[in-house]
Amino acid sequence: KLQFLYFIGGSQARSFFRTMASRSRDFSKVLEAIDSLIPKTSAKPLGPSPAQMSNADAMAFGMKKLGITEKQLKELNVIHIAGTKGKGSTASMCESILRHHGLKTAMFTSPHLISVTERVRINGMPVSEETFATHFWSVWDKLREDESSEMEEVPKTTFFRFMTLVALHCFTHEDIDVAVIEVGMGGRLDATNSIPAPVVCGITHIGLDHVEVLGNTLSLIAAEKAGICKKDIPCLIAPGQHPEAQEQLVTSATKAGAPHVTCPSFSEYSGDAKVGLEGVHQLDNASLAVGLCHTWLQLKKEGKSSIPSFPFTLTDAFKSGLAETRWDGRCQTIQVNDKLRVMIDGAHTDQSMKVAVNWFREKAAPEREKRLVFFCQQRDVEQLLSVFKDVSIFKKAHFTPLLSSKGSIHASNVVSSEALEWVQKQCDVWKAMVPSVEAVVCSSLPSVIDELSNTTEEMDVLFTGSLYLAGDVLKAFKSKATA
């Protein structure tokens, strides 16, 4: 019974177990239940440390409870994708390409931006709230069978493990042809790495992120990401890697016995294909996506037994899949009204921030006023904001708290004093680094959005620093559009 701690332990979750059987199980109750899975404090769990059970052991336990067999997982025909930057974009391109080949696709990604249903997609679309609730409660009920009154705290990994199980439960009941699975964090110890035999694995660009967990060098992080490599399973590496990361990825794949290849630059593919996602950085992601799909098709549809040769001429299905890929919150442009145009990118590392700023500079019209709205999580704010030191295009920078929180599935208009202190620190760092550009702290995200929406000037605004900010902004403008 101690195993159950790692999924739904804790007094909050137990209280749901005792009441949910007799209450409505609509989607609003799903959100309440999900909220109970997210730790509200950083208190040390009572009982065994989460480190005493690996994700692999915990996921094996969960899948056994759900009756998900290794045969069923293999029949998902998984494309497994790890990396620091571009995982979601690459996954979305893979899904679109294979759907345009006439296949029934499934995709599991994180985080979500507006609704938790975005994490679980069939044929490119988030599953309905009804479908999500059906699979959610199936997992919930199966795992509650081992409830223990001695379990007091929910480890921080509970939510992602649970969502992974919900996705796998859904996919194994949907008669799909292929599942594209994005790693949550790292790779070697990630909950998604419980999938024993994907068809092919892919690794996007490696950068410095989550260093407190994955290591503080590109080599260490690359080794963790390459932990998804498995014996005799092809592994494709995105082009344009830093040499240190590239060397480690090749070393790790070789050690795992995984046949591997680095994809060519996108320009080497013939066929005059266009990538639907904006930003030059998406070309490396597109090359990897093309390589993953080509390998998958050769292995599963053509009966080949090895990695095919690259590059090749892209067919219409490849070109349509690439051109029609959409992935919100990444180099996304929204024309709000005749005056205001917003550009949103969830960049949260210094390298991805450089990409976002360069994209904005190319996209923004020279004659329009330019503003920045920024928020980042508890990261090295000096390093992130240093990207803007030599950027002179902004007239004003706004620093804002979020509506969303890692501690809850629900957005909140209540801003804590700690949150405002963190926003003030970001603003102070900006003022020290970029004293020539006015910087202000906003009391809330809705207030700055209202201010900008009522502008009388033609204006381009970049929202960046966090995927959570990207999600909050998309929710806000969606709400204004339907008001």
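The largest nonpolar core has 53 residues, and those touching the most other members are Phe374, Phe388, Phe399, Trp430 and Phe463. A nonpolar core here is a set of buried Ala, Val, Leu, Ile, Met, Phe, Trp, Tyr and Cys residues joined through side-chain atoms within 4.5 Å; buried means under 20% relative accessible area with a 1.4 Å probe, protein chains only. Helix H18, residues 467–482, contributes the most to this core, with 7 residues. Helices are DSSP runs of H or I with at least four residues, strands are E runs of at least two, and both are numbered from the N terminus.

Apart from this core lies another, of 42 residues, with Ile34, Val116, Phe132 and Phe160 among them.

A word on the source: this is a predicted model, where local features need pLDDT of at least 70 and side-chain atom pairs pLDDT 80 or more, while totals for chains, interfaces and linings use all residues. Numbering starts from 1 along each chain as its sequence is written, and side-chain values use heavy atoms, without hydrogens or water.

Now Lys230, in the loop between helix H10 (218–225) and strand S7 (235–237).

Last, Leu31 sits in helix H3, residues 27–37. Leu31 and Val116 are 85 residues apart in sequence, but 8.6 Å apart in space, C-alpha to C-alpha.

Terms used. Buried < 20%, exposed > 50% of the residue type's maximum accessible area, 1.4 Å probe, protein only.
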